[in-house]
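Colleague: I have a structure to go through before I set anything up. Can you put it on screen and walk me through it?

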Amino acid sequence: MGHFFLASHRRTPASVSALMRSGVCCLAAALLLTACAATPVATPAATAPANEPNQAQTRRTNGTAPAAQETIAAKPIPRTATTPAVAVCWLPLMQRLTADGLDALYLQALFSRMGDNYSHMPMGSKITELFTRKFLRQPPPPGDPSKKDPKADPKIEVRPRIYRNVVTEVNVERCNAYLAENAVAFSIVEKGYGVPKEIVVALLMVETKLGTYLGKDNAFWSLACMAAADAPEQVAEPLAALPMTPERMDWVKTKLRERSTWAYNELKSLIDHTRQYSLDPLVMPGSIYGAIGICQFMPSNLRPYAVDGNGDGRVDLFNPADAIPSVGSYLKGHGWQSGLSRAGQHAIIMRYNKSTIYANTILALADAINPPPDAGKAKAAKQAAPAKRPAGKDNKVAWTKFKARAKAAQSADKAAAPAKTAPAKGKAKAAPAAKTTPK
């Protein structure tokens, strides 16, 4: 990764918040050095009359800028011997951001601290994933016709697939402790957004283990790498490992442009957020695709859904007081409401992460934290139900244990049954009692 993000993923959310605020001092120093050392350059924006808008204002008001201004914006920023250098790998991206109206000196102070740390890993990982799903995933083998399909047989219980080692007693205890520790924030979730607290705490457990794992990458770096990787030569190494054809390469080029544009827009959102709240993005941990905070928001979701839960005038998703209500804000914004069906809850959680097993796991963990009212009856009925033949008949050990349990149960039933006595020889069976009609 590089020196600018040294093991921040092992920090606590509180220490990350402090680090981002203190890191602004380094950024301010670099920005001051850049401003003092840069040689002034005459541009249309700098020499325009006072009654004419500058380049950034023109672009914001009418969406376009004259061709001459675009050409000037694309030129490298003037440097002297003391101006922080920006590596060549970042220049096209920095110039593009500058052309979109972001402050050039601020960007130069950021990118000069990144060195030449471009990597194909974030984009290469995503393209490999998409390529495999599109071209290499084999259809499941046909099932054995002699075996019953669980979905077709209503007598066979089909449980939703969930992540392993998540719905455990230990995690339920951790979630309950987190609920107690952050009771005020969870009260805002339930009263302000109508989202059950067990849903939100389960989601935070799945996302970041309640803030104890915030990602091992730097969000700014990840998004910058993906935004810069808009052509096959930027991800040549991972592409070389894929079985490529001309048609598949055309598909790859299209996906690179799409994902690069997506990452570029997310990067701009992240820069806007960190500048608004005076945070240093180069010490901000995140996922490989740029999600940040305890709740793992993508930067484009910050403005519409992130919440200042503790009223301190800042939105800091590494602070539970802000991150917890922000999840409620997001879910409500995507349709969560009181009385929502199980299927409706599942569909909205999948808007957070488009994965069936992800939504299954969150709902299962939420049920374990706060069991539904009929959960006790269902458990008692299951315990009272007769033993069933194990599904793994071919597993000899399981089958042997099943037969042993069944035999023991039969023996116990015989021992508990009353003894039957046969009538003595020579004696006739007693006649049945005569039926009497009531008067």
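Modeller: Start with helix 11, where Ala 219, Phe 220, Trp 221, Ser 222, Leu 223, Ala 224, Cys 225, Met 226, Ala 227 and Ala 228 are buried. Keep in mind that this is a predicted model.

Colleague: How many residues of helix 11 are buried, out of how many?

Modeller: Ten of the ten, so helix 11 is largely enclosed by the rest of the structure.

Colleague: What do the buried residues of helix 11 pack against?

Modeller: Helix 5 (91–99), helix 6 (104–112), helix 7 (121–136) and helix 13, plus strand 1 (217–218) and strand 2 (285–286).

Colleague: Take Ser 222 in there. What does Ser 222 touch, not counting residues up to four places away in sequence?

Modeller: Pro 122, Asp 217, Ser 287, Ile 288 and Gly 290. Ser 222 sits in helix 11 and counts as buried because its relative accessible area is 0%, where the cut-off is under 20%.

Colleague: Pro 122 is in that list. Which residues of helix 7 are buried?

Modeller: Pro 122 is one of them. The buried residues of helix 7 pack against helix 11, helix 12 (236–240) and helix 13.

Colleague: Helix 13 again. At what angle do the axes of helix 11 and helix 13 cross?

Modeller: Roughly 145°, and the axes come within 7 Å. Helix 11 covers residues 219–228 and helix 13 covers residues 246–276. The crossing is left-handed.

Colleague: Which residues meet there?

Modeller: From helix 11, Ala 219, Phe 220, Leu 223, Ala 224, Met 226 and Ala 227. From helix 13, Ser 260, Trp 262, Ala 263, Tyr 264, Glu 266, Leu 267, Leu 270 and Ile 271. By class, that contact has twelve nonpolar residues, one polar and one charged.

Colleague: Change of topic. How many aromatic pairs does the structure hold?

Modeller: Eleven. One of them is Tyr 178 with Phe 186, an edge-to-face pair at 6.1 Å centre to centre and 75° between the planes.

Colleague: Are Tyr 178 and Phe 186 buried or exposed?

Modeller: Buried, in both cases. Tyr 178 has a relative accessible area of 9%, and Phe 186 has 2%.

Colleague: Which rings are linked into a cluster?

Modeller: Trp 90, Phe 111, Tyr 118 and Phe 220, through ring pairs. Phe 220 is also on the helix 11 side of the contact with helix 13.

Colleague: Backbone next. Which residue other than glycine has a positive phi near 60°?

Modeller: Asn 165. Asn 165 lies in the loop between helix 7 and helix 8 (169–181) and is exposed, with a relative accessible area of 63%. Lys 209 also has a positive phi, about 55°, and is not a glycine. Lys 209 lies in the loop between helix 10 (197–208) and strand 1, and at 49% relative accessible area it is partly exposed.

Colleague: What about the whole chain? How many helices and strands?

Modeller: 19 helices and two strands. The protein chain has 439 residues, of which 38% count as buried. Among contacts with a separation of 6 or more, 74% join residues 24 or more positions apart.

Colleague: Last thing, confidence. What is the mean pLDDT?

Modeller: It is 78 for the protein chain, and 64% of the residues reach 70 or more. Over residues 1–9 the pLDDT is below 50, and that stretch has 30 contacts beyond near neighbours in sequence.

Colleague: Where else does pLDDT stay under 50?

Modeller: Over residues 31–81, for which the model has 54 contacts beyond four places in sequence.

Conventions
Residues numbered from 1 in each chain as written. Predicted model: local features only at pLDDT ≥ 70, side-chain atom pairs only at ≥ 80, totals over all residues. Heavy atoms only, no water. pLDDT = per-residue confidence, 0-100. Contact = heavy atoms within 4.5 Å. Axes fitted to C-alpha atoms, helices over the stretch in contact; angles between N-to-C directions. Helix = DSSP H or I, 4+ residues; strand = E, 2+ residues; numbered from the N terminus. Left-handed = near helix turned anticlockwise from the far one by under 90°. Nonpolar A, V, L, I, M, F, W, Y, C, P; charged D, E, K, R; others polar. Phe/Tyr/Trp six-rings, centres within 6.5 Å; stacked < 30°, edge-to-face > 60°. Buried < 20%, exposed > 50% of the residue type's maximum accessible area, 1.4 Å probe, protein only.
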